[in-house]
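Hi,

Here is the structure I said I would pass on. Have a look at it first, and then read my notes below.

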Amino acid sequence: KSDHNTRPEVRAARVKGEGYAIERVSEEDNTTYFYSALSGDDGMVIRSAAPYTHTLVEFLAIDRTILFIMGGLTLVISIIGLLATPLTPLRMILFLPTSMPLIVALLL
């Protein structure tokens, strides 16, 4: 077994309180891991490792379904808000075809 005190994440944890190593290959089993280390108040460092099986692009990709749901909800809430507000000049302009008789009545 090797001395983990020489690992970059452990050295960083001793200096800064925390350290990370992203996508580093293990010397022991030749597997790619994400390593993190935290230093406690007593100086003890706790180090953890998780297999790094996804590419960064896959991990950070936006789920298109969520994007469409959020866009649809924003549109629906905006329309409800617009319809729930009192009739203002801006709202008259937005609904010009349907509010034309009202605008003419207000001008007379």
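Let's start with the sheet: E1 and strand E2 (residues 32-39) run antiparallel and are joined by six bridges. Strands count as paired if DSSP finds at least two bridges between them. The strand and helix names are DSSP runs numbered from the N terminus, with at least four residues for helices (H or I) and at least two for strands (E). To find one of the bridges yourself, go to glutamate 18, whose bridge partner in E2 is leucine 38.

Before you go further: this is a predicted model, so local features need pLDDT of at least 70 and side-chain atom pairs count only at pLDDT 80 or more, while totals for chains, interfaces and linings use all residues. Residues are numbered from 1 along each chain as its sequence is written, and side-chain values use heavy atoms, with hydrogens and water left out.

Back to the sheet. It is open, with three strands in the order E1-E2-E3 and antiparallel pairing. From one strand to the next, the twist averages 15°. H1 packs on this sheet and touches E1, E2 and E3, its direction making about 170° with that of E1. For such angles, axes are lines fitted to C-alpha atoms (for helices, over the stretch in contact), and the angles run from 0 to 180 degrees between N-to-C directions.

Which residues does serine 36 touch, leaving out those up to four places away in sequence? They are Glu9, Gly19, Tyr20, Ile46, Arg47 and Ser48, where contact means heavy atoms within 4.5 Å. Serine 36 itself lies in strand E2 and is buried at 15% relative accessibility. (Buried is under 20% relative accessible area, exposed over 50%, and partly exposed in between, with a 1.4 Å probe and protein chains only.)

Two of those contacts come up again. A search of the whole structure turns up one salt bridge, meaning a side-chain nitrogen of Lys or Arg within 4 Å of a carboxyl oxygen of Asp or Glu. Glutamate 9 and arginine 47 form it, with their closest N and O atoms 2.7 Å apart. Since glutamate 9 is in helix H1 (residues 8-16) and arginine 47 in strand E3 (residues 45-51), the pair ties together parts 38 residues apart in sequence. Glutamate 9 is buried, at 0% relative accessible area, whereas arginine 47 is partly exposed at 28%.

Happy browsing!
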